[in-house]
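Here is a structure to question term by term. Each answer sets a value against its definition.

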Amino acid sequence: MYNQVINNTTELIDHKFKNGTFGFFDEDNNKYFSINNRRYLGNKYKLNSFIKEIITSECGDFDTFADLFAGTGAVSSIFQNKHLILNDILYFNYLCFQTWFGVENYSLEKITDYINQYNEASVSEDNYMSINFSDTYFSKKNCKKIGFIRENIENNYKANLINYRERCVLITSLLYSIDKIANTCGHYDAYRKNGELNRNFELSIPKINKNNIENEIYNEDINILVKKISADIVYLDPPYNSRQYCDAYHLLENIARWEKPDVTGVAKKMNRSALKSHYCTTKAVEAFEDLIRNIKAKYIVLSYNNMANKGNERSNAKLSDKEIIRILESKGKLKTFSQDYKAFSTGKSNIEENAERLFVCRCY
């Protein structure tokens, strides 16, 4: 039945696409989405042209690109023909990387069939999602369906009906579709009271491009990982301030892990103590210095904005320019480039002349 097996030596999706309100539609009217169809704090998708131009002009030709605070993976998508090394401490991002950049074969026909079945399913029984999250980020009806789909994906994987990459693709579809309808401002620190809950919930198919078969994907502490890998270019986009990503995206992390933990508080957060990043704390300088010391690369490219003292206390950057320059210059010859952009703000910060900077270090 599932004979349309996708491998990494062919173009993965060769349909003729037309634009839609969310991604693309193919000739059979199946709905697709791309890597950038997602809300994420600090997403560099709109800066990709700037990043690509600087890396291309300063670093020349290269084979291996390591994106080690990879987030959505948007920057890695610039260099999809290269040997990519991606890492993120959050498991839900890791699963998405497996979808967009993984190398295991998968059946597009099987994925499409499952997604069509999920979209047509009507769910009446309560589950982990409806018991814990009804009428918060989603309606009770949508929570029942989200919980049913996630449980079904896991059961099918354990029964060997889908392989690991297919599991990741289906979970990615679920996560992107959840993000599209969530009753939030783009993250899950809180939900909107009296917000729109009954939005239409529908899964779409990831539009995946051809990948390099040498790609490596990790879900590790970056300071430990760099001691085990090397690359021509290491790209770093660490958190800038005290806002922990595991707090902002706890719900997506919970669904991805599917361990069904207890949740507490108004925002219904699970225990996230193991996911806290030193780069959001007073330990940021120490962690950054240790990281740079242990990187094995020809070039280090650091993306960091100029929010040092421009926002409220939570928004201010944990690494000063003075510290960044001192640490990177101990590793090699440094150049700095910048581009203006509109920063994320909750309305409490007076942010003017905000810029994203690229610090390009040619290592000794």
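Predicted model: local features only at pLDDT ≥ 70, side-chain atom pairs only at ≥ 80, totals over all residues.

Residues are numbered from 1 along each chain as its sequence is written, and side-chain values use heavy atoms, with hydrogens and water left out.

Q: What pLDDT does the chain average, and which share of residues scores at least 70?
A: The average is 89, and 85% of the residues score at least 70. pLDDT is the predictor's confidence in each residue, from 0 to 100.

Q: Where does pLDDT stay under 50?
A: One such stretch is residues 8-21, with 40 contacts (heavy atoms within 4.5 Å) beyond four places in sequence. Over residues 344-351 the pLDDT is also below 50. That stretch has 12 contacts beyond near neighbours in sequence.

Q: Why is threonine 72 called buried?
A: Its relative accessible area is 4%. Buried means under 20%, exposed over 50%, partly exposed in between (1.4 Å probe, protein chains only). Threonine 72 is therefore buried.

Q: What makes the pair of threonine 72 and asparagine 43 a polar contact?
A: Their side chains make the contact at 3.4 Å. The definition asks for N or O atoms within 3.5 Å; within protein, one must be able to donate a hydrogen and the other to accept it, and residues adjacent in sequence count only if both atoms are side-chain atoms.

Q: Why is helix H9 called largely enclosed?
A: Because 7 of its 8 residues (250-257) are buried. Helices (H or I, at least four residues) and strands (E, at least two) are DSSP runs, numbered from the N terminus. The buried residues of H9 pack against helices H2, H4, H5, H6 and H8.

Q: What makes a space a cavity, and what makes it a pocket?
A: On a 1 Å grid over the protein atoms alone, a 1.4 Å probe fits in a cavity but cannot get out. A pocket is an open set with protein on both sides within 12 Å along at least five of seven lines; lining residues have an atom within 4 Å of a point. The structure holds 1 cavity of 30 Å³ or more. The largest cavity has a volume of about 40 Å³, the space filled by probe spheres set on grid points joined across faces, edges and corners. The second largest pocket holds about 230 Å³ and is lined by 14 residues.
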